[in-house]
Amino acid sequence: MRSNRKIFLALLCVAALTAFVAANIWRQHRAALETQNQSIYPNASAPQFASLVQPISNTDDSLITAHTAVATSTDQISDAVKLNQNARWQANLSWTFGGKNQRGWAIYVPLICQTVGADLLTFGTSRTDFPARLAAWQQEMGVAATGVLDVGTWQRMIAFWQADRLKKRDTPPANEMLTAPVTDFWDLQRPAEERMVERQTYDAYKRMVAAAVADGTLNLRATSDGQLSIGESRLKIVSAYRSRARQEKLRRQSPNSGRAGLAINSPHFTGRALDLYVGGEPVDTKDANRRLQTSTPVYRWLVRNAARFGFRPYFYEPWHWEFVGLPENSINAPITQ
Ligand SMILES: [Zn+2]
C-alpha cells in the first residue's frame, strides 16, 4: 500500500509539473503572437498593405497548421491568428490570372473590403473587423467561414466579381451612341471618332462625376457648374467605345506588352465600358502601377460609389468600369446556360 501511495504521489508531481510547463509555453506563445502582430500592424497610420510583412513561403504549412491548432483555444488568439494568416496570404498567395502568375491580393484590398463590408481605414490594424466580415461573406457564398482569405475564397471572390460584369458584347446602333466632348477626356487631343460612348453610360458617367466633384474630400478641380475642369485629369475618360477594327490594331501594335491583355471580345465594343483616369500610368497592368492606382482617393471613391450609378469594376484593371445599369433596369441579360 505504501509503495502504491508513493507512485501515486510521484505521478501527481509529474502531472503538476507538466501543467506548469504547458502553461508557461502557452503564455510565451501568446506573447510571441501578440508581438508579431504588433510588428505587422504597428498602428492605424502605418502603410495599410503588406509592405511590413516578411515574405514567407506559401509552402510553410506547418506554421499555419500549428497556429490553427492553437487558434481553437480562445477567441482572442483565434482573431490574432486570422490576422496573421490574412497578412501572409495578402502578401504571398500564389494564383494565376490571364495566363500570368500573380502574388498576393494586396492590390485589391479596397475592393475586397467593399465586397465584404469591412472598414478599409482600420484594415491591417488590430482593430479591423475584416475577419468577422469576411467570415459572414464566406458563409453567404457557401465557402468555409474561416475569416481567412485563402486561395479557395479568393477564387470564389473573383468569380463573384466577374459574374457581375457586363455580359453583352454587341455594338449598339448609331442612334444609341454619342460623341462626347473632348473636355471629358484625359487626352485633350483625342479625335472625335475615338470619343464615342453609349448614351445611357455617358449620362450615368456625368452624374457620377458630378457626385465626385460635390464630394469635397476628393478636391477635384471643377468649373462653376460642377463639371471637371480642363486642368483636372482624375476621373476623365481615357478610353470608351472601341471598334473591333481598332481593338485589333491595338493588339497588333503591342503584342508583347501589357496591352496584349486586350480582349478579343472586349466590353469596349459596347460603348458601355469606360477606362477612367484614377492615377499613375492610365492603363498599365504592372503590379506597382495598379497598386498605386488602388491607393488613390478617386479609385477608392469609385469602389464605394460607382454601383449607385450602375457601374461595375473589373477587379484586375482599376481604371476599367462597366455600365450595367441599376438593378431594377440592369441591361445584363438573364444568365443562360
Ligand atoms: Zn477598359
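Three protein donors hold the zinc ion: His 268 (NE2), Asp 275 (OD) and His 320 (ND1), lying 2.0 to 2.1 Å from it. Donors here are N, O and S atoms within 2.8 Å of the metal (3.2 Å for Na, K and Ca); water is not among the atoms, so sites may look incomplete. The model is predicted: local features need pLDDT of at least 70, side-chain atom pairs count only at pLDDT 80 or more, and totals for chains, interfaces and linings use all residues. Residues are numbered from 1 along each chain as its sequence is written, and side-chain values use heavy atoms, with hydrogens and water left out.

Along the chain, the donors of the zinc ion follow the spacing H-x6-D-x44-H. Helices (H or I, at least four residues) and strands (E, at least two) are DSSP runs, numbered from the N terminus.

Are these histidines buried or exposed? His 268 has a relative accessible area of 2%, so it is buried. His 320, at 3%, is therefore buried too. Buried means under 20% relative accessible area, exposed over 50%, and partly exposed in between (1.4 Å probe, protein chains only). The strand β8 is mostly covered, with 7 of its 7 residues buried.

Now follow β8 into its sheet. Four strands form an open, antiparallel sheet in the order β5-β6-β8-β7. β5 (237-239) and β7 are the edge strands, each pairing on one side only. From one strand to the next, the twist averages 45 degrees. Two strands pair if DSSP finds at least two bridges between them.

β6 and β8 run antiparallel and are joined by 3 bridges. Ala 273 has Glu 322 in β8 as its bridge partner. On the β7 side, 4 bridges join β7 (residues 311-314) to β8, again antiparallel. Here Arg 312 has Glu 322 as its bridge partner in β8. β7 and β8 form a hairpin with 2 residues between them. Tyr 314 stands opposite Glu 317 in β8.

Turn next to a helix pair. The axes of α5 (residues 130-141) and α6 (residues 151-163) come within 11 Å and cross at roughly 70 degrees. Axes are lines fitted to C-alpha atoms, for helices over the stretch in contact, and angles run from 0 to 180 degrees between N-to-C directions. α5 and α6 are therefore roughly perpendicular to each other; that class covers 65 to 115 degrees, with angles under 35 roughly parallel, over 145 roughly antiparallel and the rest oblique.
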